[in-house]
Amino acid sequence: REGDGAIKLTLVPTGRFSYEIRHLIRDPIDLTATLLTHCGDPKKFGGNHEAIMYRFDEWMDKARNATQAQRSRWQFGTNSARFQAIASDLDFYEIMETRGYRRADLDRCLSDEAKAKALADTSAADVAKYQLTGTPSFVLDGKLLEAHDWPSLEKRLKDAI
């Protein structure tokens, strides 16, 4: 939240930096959120990602306090049904509807098994390649940085300049 705007507005326009968001998918909640950020036109990804992440504390709190019945819905059934239950219980539908999506469109995105597999495979490859252990993590010039917040990342980026 703190560094996103600074990176996009001051570093990327110089042409010396590029900025790429990659997902660290650890569980069905992460995969549900990731599928929704990729829903629809690829040009909408940035706004979708920001919308989901802006409300991270809210939906993560709901996930931590989920009932056993909710957790069961998240673990059993088809992947599509599981992801839809997560999206409903954590207000992902509400978040994405503010972005102009209809529930039927979101359900189609949550049912895309090929997309889910591709995103999970990419995440697993990144974990293996960079030895990622948590989020946020930052890679600069192919090396994992010891920076997990904006102040430490900002220092490393200034050092790189």
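Is Leu110 buried or exposed? In this predicted model, Leu110 has a relative accessibility of 1% and therefore counts as buried. The residue belongs to helix α8, which spans residues 103-110. His23 stands 87 residues from Leu110 in sequence, and the C-alpha atoms of the two are 16 Å apart in space.

The overall fold is described next. The chain holds 10 helices and 2 strands. Read from the N terminus, the order of elements is α-α-α-α-α-α-α-α-α-β-β-α. Along the principal axes, the C-alpha atoms fill a box of roughly 50 × 30 × 30 Å. Of the 161 residues, 37% are buried. The accessible surface of the chain is about 9,800 Å². Carbon and sulfur atoms contribute 52% of that surface. Among contacts with a separation of 6 or more, 57% join residues 24 or more positions apart.

Helix α2 covers residues 28-37. The helix is mostly covered, with 9 of its 10 residues buried. The buried set consists of Ile29, Asp30, Leu31, Thr32, Ala33, Thr34, Leu35, Leu36 and Thr37. At the N-terminal end, α2 is capped by Asp27. A side-chain oxygen of Asp27 lies 3.0 Å from the backbone nitrogen of Ile29.

The structure contains 2 aromatic pairs. In one, the ring centres of Phe56 and Trp59 are 5.1 Å apart. Their planes meet at 80°, so this pair is edge-to-face. Both residues lie in helix α4, which runs over residues 56-64. Phe56 and Trp59 are 3 residues apart, about one turn of the helix. An α-helix has 3.6 residues a turn, so residues three or four places apart point the same way. Phe56 has a relative accessibility of 26% and so counts as partly exposed. Trp59, at 3%, counts as buried.

Trp59 also pairs with Phe92. Here the ring centres are 4.9 Å apart and the planes stand at 75°, so this pair too is edge-to-face. The pair links distant parts of the chain. Trp59 sits in helix α4, whereas Phe92 sits in helix α7, residues 92-97. The separation between Trp59 and Phe92 is 33 residues. Phe92 has a relative accessibility of 0% and therefore counts as buried. Together, Phe56, Trp59 and Phe92 make up one aromatic cluster.

Charged groups also meet aromatic rings. The charged end of Lys44 sits over the ring of Tyr101, at 4.3 Å from the ring centre. Arg103 lies over the face of Tyr93, with 3.7 Å to the ring centre.

Note on methods: Residues are numbered from 1 along each chain as its sequence is written. This is a predicted model: local features need pLDDT of at least 70, side-chain atom pairs count only at pLDDT 80 or more; totals for chains, interfaces and linings use all residues. Side-chain values use heavy atoms; hydrogens and water are left out. Buried means under 20% relative accessible area, exposed over 50%, partly exposed in between (1.4 Å probe, protein chains only). Helices (H or I, at least four residues) and strands (E, at least two) are DSSP runs, numbered from the N terminus. A polar contact is a pair of N or O atoms within 3.5 Å; within protein, one must be able to donate a hydrogen and the other to accept it, and residues adjacent in sequence count only if both atoms are side-chain atoms. Rings of Phe, Tyr and Trp (its six-membered ring) pair if their centres lie within 6.5 Å; planes under 30 degrees apart count as stacked, over 60 as edge-to-face and the rest as tilted. A charge sits over a ring if NZ of Lys or CZ of Arg is within 6 Å of the ring centre and within 35 degrees of the ring normal. Contact means heavy atoms within 4.5 Å. Accessible areas come from the Shrake-Rupley method with a 1.4 Å probe; for residues, only the protein chains shown count as cover.
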